[in-house]
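Subject: Structure handover

Dear colleague,

Please find the structure below. My notes on what was found in it follow.

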Amino acid sequence: MYAIELNNLDFSEEWKESFWNRFFYLYPKFTDGKGFRTKNVELTERERFMAGPISEHLKRKVMVVFIFNQESVPIHADGVGSDVAIQIPFIGCNEETQTHFYDYNDDTSIELAIHENIASREVLHQEKLKRVQTYSMLDKPVLFRSGWAHNVTSTFKGIRIIYSWRFKEEYTWEAAKEICRQYL
Ligand SMILES: [Fe+2]
């Protein structure tokens, strides 16, 4: 499993909306047009505090992820700096959008390549990939192995916005799972 629903980790609507309001004031053009885009924004002390004790393990920045009327995001691993995130649903999260994780069919570990000026990492040997997990984020946060091979497919025509809040660099996937065990 590379994505685990955290049924008992609560980010209140008030928290999500007040962060969004500040973000949208800073970047009013962010939601213009179609496509897929992301932006990292530093949280305030108050926002970190309001998010509860989990924030101690997480970075100071949250990535806002926007998709509008785009059918897919190709297979990739997210950029370096952290391999694990908590994905927080905000707007337009439903079963029409699915995230898929992949392994190699020979059970070796996924090989990645880093390219300058590209925010995500390339997954090598894609001919060996097999899909091993598919999920839709609905109303609960998800512990997400962002540094592993994944893609997104969607039939949703509306706007979808999520927050991706990365664990600090020192946390492995196993360590993050251990911390989040209390939120299952
Ligand atoms: Fe990704």
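Strand β6 (residues 97-104) and strand β11 (residues 150-154) run antiparallel and are joined by five bridges. Strands here are DSSP runs of E with at least two residues, helices are runs of H or I with at least four, and both are numbered from the N terminus. Two strands count as paired if DSSP finds at least two bridges between them. Within this pair, F101 has H150 of β11 as its bridge partner.

This is a predicted model, in which local features need pLDDT of at least 70 and side-chain atom pairs count only at pLDDT 80 or more, while totals for chains, interfaces and linings use all residues. Residue numbers start from 1 along each chain as its sequence is written.

The β6 and β11 strands belong to an open sheet of four strands, in the order β4-β11-β6-β9, with antiparallel pairing. At its edges are β4 (72-76) and β9 (129-135), each of which pairs on one side only. From one strand to the next, the twist averages 25° (axes are lines fitted to C-alpha atoms, for helices over the stretch in contact, and angles run from 0 to 180 degrees between N-to-C directions).

Next, the core. The largest nonpolar core has 33 residues, and I86, L143 and W165 have the most contacts inside it. Such a core is a set of buried Ala, Val, Leu, Ile, Met, Phe, Trp, Tyr and Cys residues joined through C-beta atoms within 7 Å. A residue is buried if 20 or more other C-beta atoms lie within 10 Å of its own, exposed if 12 or fewer, and partly exposed in between, with C-beta atoms placed from the backbone. Elements giving two or more residues to this core are β3 (58-68), β5 (85-91), β6, β10 (142-144), β12 (159-167) and α3 (173-180). Of these, β3 gives the most, with six residues. Leaving aside residues up to four places away in sequence, W165 touches L58, V62, A85, I86 and I88 (contact: C-beta atoms, placed from the backbone, within 7 Å).

Most residues other than glycine have a negative phi. N117, in the loop between β7 (112-113) and β8 (122-123), has a positive phi near 70°. N117 is exposed, with 4 other C-beta atoms within 10 Å. H125, in the loop between β8 and β9, has a positive phi of about 50°. H125 counts as exposed, with 12 C-beta neighbours inside 10 Å, and touches Y104 and E111, not counting residues up to four places away in sequence.

Regards

Definitions and conventions
Two residues are in contact if their C-beta atoms, placed from the backbone, lie within 7 Å.
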